[in-house]
Amino acid sequence: MHIDDVIQFSFHALQSYRTRTYLMLLAMAIGVASVILLTSLGEGARIYVTQQFSSLGTNLLIVLPGRSETTGGMPPIMGETPRDLTLQDVMAMQRSRHVKQVAPIVVGAAPVSYQQLEREVMIMGSTANFFSVRQVTTSRGQILPEMEISRASPECVLGYSLYKELFGSLSPLGKWVRVSEYRCRVIGVLEEEGMSMGMDMGEMLIMHAASAQALFNVNSVFRVLVEAHSQDEMDKAREDVISIIRERHDGEDDITVLSQDALLSTFNRILTALTYSLGGIAAISLLVAGIMIMNVMLVAAAQRTTEIGLLKALGAPRKQIILLFLTESACLSLIGAMLGLCFGLLGNWILQRYFPDFPFQAPDWALWSAVAVALSTGLIFGLLPARHAADLDPVLALSGR
Amino acid sequence: MIKLEHIARTFKVGDELVHGLDDVSLDINDGEYISIMGPSGSGKSTLLNAIGLLDKIDAGRYFLDGTDVTELSELEQAGVRREKIGFVFQTFHLIPRLTAAENVALPLTLAGVEHEERKQRVNEALQSLNLTDRAHHRPDQLSGGQRQRVAIARAVVTKPVVILADEPTGNLDHASGIDVINILETLNKQGITLLLVTHDIELGERAHRIIHMMDGKVLS
Ligand SMILES: Nc1ncnc2c1ncn2[C@@H]1O[C@H](COP(=O)(O)OP(=O)(O)OP(=O)(O)O)[C@@H](O)[C@H]1O
Ligand SMILES: [Mg+2]
């Protein structure tokens, strides 16, 4: 039997049971479309997070005190309290020729007030470098001036919403705000930018690192941001930073250097796994569609008993009847999958229009694997009814007994 | 051409064994016209199904054109049905969604005959049965007699050596019945062996040879 005749025969049969055929196609299409939409959601989340991370600044290393034992095991019980990182350490890091700039970070919370208004906000102590490393700018006034890192100076930059809360529509520049029991002069306001890496820069006051240390009465820094000259120099910069600190800390490796890439790839892995599992969950609906196909084809075989008997009488061997019935389920799942592909991509497009900020994008593997899974469930679940049809006794089938 | 030796076919109904065919031996020559008669339940259909290789037999040997077809595989038996045997049923068994022409073409389609040749042979078959103007009608748009003529066209389009007709007039009025028998007889005159099961004595007696059956046995 020619393949075009097989297909034509199957199409004829599907056409003559319209409602059932449409319902099957719908089930398949919904399955495929949900695989596409759910994976596109997961992939969108991955891309979104990646974008957020790259807005952190490029070629960035984050140095924190203490060695993190990522290999597991008990932390040491006695001694070995990690040495703090100091502003002197930060200055020393600047000596590496692979390092473009460093920015210390001292953080804490303190009440900030202007006249009667008071807010408890996050205080960030850093240097002028912070602004270029983190790629933040001021909307008015200026950033912290360059000066010797260990010098305190009563100047600060306000986050945009903090400025709005304290000053309303008044100009804050040159005004003195009270930070706990200190006072400092507002020299700038950050851009109305919002969140960056989970930190709300709007609700923040930025001052010189040394001033913040005095405010919180500490000698250490919380983190150091190190920017390398280029992507290629990141490893060198990391080695330099580690050896500089080892030298300064009596030969102890007591810092942890994280690269943005490492964080990023961790998130990437997590979110890719999420996308896969979403795809897997959606694939269950394909399985359900496959079982529906099996059910419908079993009913079809029962309804078309005499037809099957006739085909046998006309000389169709078992395998030809299996072929005919399998082609029917394959057509159902293939057309259903194509419809689902259209629905899925259409739904994706609609989501993209309504949420332009979120990068909905079905990964390629999801497209072809949804279609592949749809086809194979159609074939696998079509096999049982097809064999069932082929095993019918033609005499009984034709006598209608 | 057809040689049956001690054929038996038993059905198990509950604990009882029913003898559909009981030690049947039969010789049928090329081009014969035979009617099979007997009371209901005497095994006429069972005999026809055995000859048509639709039903298996439990004992005995069956030679068709010299080969022992009981020894053949499922695939080979299907091939014998496709090439040598044409069936005509009481209830026509046309596929309702297909047109007359498509129904007639079905055995050729299954056999993988090329489009052009298929078309030509279907047209010839329809023409010889005066169905050309009904070629594109579906079965529900045809009369009973026309439907049976389509079924006969389908049986002969593969040029079989034997036609097995199980009460082909059973669902037809008298005139259409005579019409159908005339057609079958014409085919027989062209050389096809014809086996006809009928209850109608008048029709049965038109055959060259009459086989009487009773309780699964061939009487004469
Ligand atoms: N599938 C079956 N299962 C059980 N018994 C069967 C089966 N097929 C046929 N028989 C029995 O075999 C015997 C012969 O049946 P068959 O159909 O050949 O009779 P028939 O001569 O064609 O009768 P009718 O003229 O009514 O068509 C009957 O007794 C019937 O009950
Ligand atoms: Mg009968």
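**Exercise 1.** Determine how the residues of the shell around ligand 1 divide into nonpolar, polar and charged.

*Solution.* The shell holds five nonpolar, eight polar and three charged residues; Ala, Val, Leu, Ile, Met, Phe, Trp, Tyr, Cys and Pro count as nonpolar, Asp, Glu, Lys and Arg as charged, and the others, Gly among them, as polar. This is a predicted model, in which local features need pLDDT of at least 70 and side-chain atom pairs pLDDT 80 or more, while totals for chains, interfaces and linings use all residues. Residues are numbered from 1 along each chain, chains are lettered from A and ligands numbered from 1 as written, and side-chain values use heavy atoms, without hydrogens and water.

**Exercise 2.** Identify the residues and chains that surround ligand 1.

*Solution.* Step 1: 16 residues surround the ligand (a heavy atom within 4 Å), and B:Ser40, B:Gly41, B:Lys44, B:Ser45 and B:Thr46 are the closest. Step 2: the site is shared between chains, because the surrounding residues come from chains A and B.

**Exercise 3.** Find the distances from oxygen atoms of ligand 1 to side-chain N or O atoms of B:Ser40 and B:His199.

*Solution.* For polar contacts (N or O pairs within 3.5 Å), the distance is 2.4 Å for B:Ser40 and 3.3 Å for B:His199. The protein covers 72% of the ligand's 630 Å² of accessible area (Shrake-Rupley method, 1.4 Å probe).

Definitions and conventions:
A polar contact is a pair of N or O atoms within 3.5 Å; within protein, one must be able to donate a hydrogen and the other to accept it, and residues adjacent in sequence count only if both atoms are side-chain atoms.
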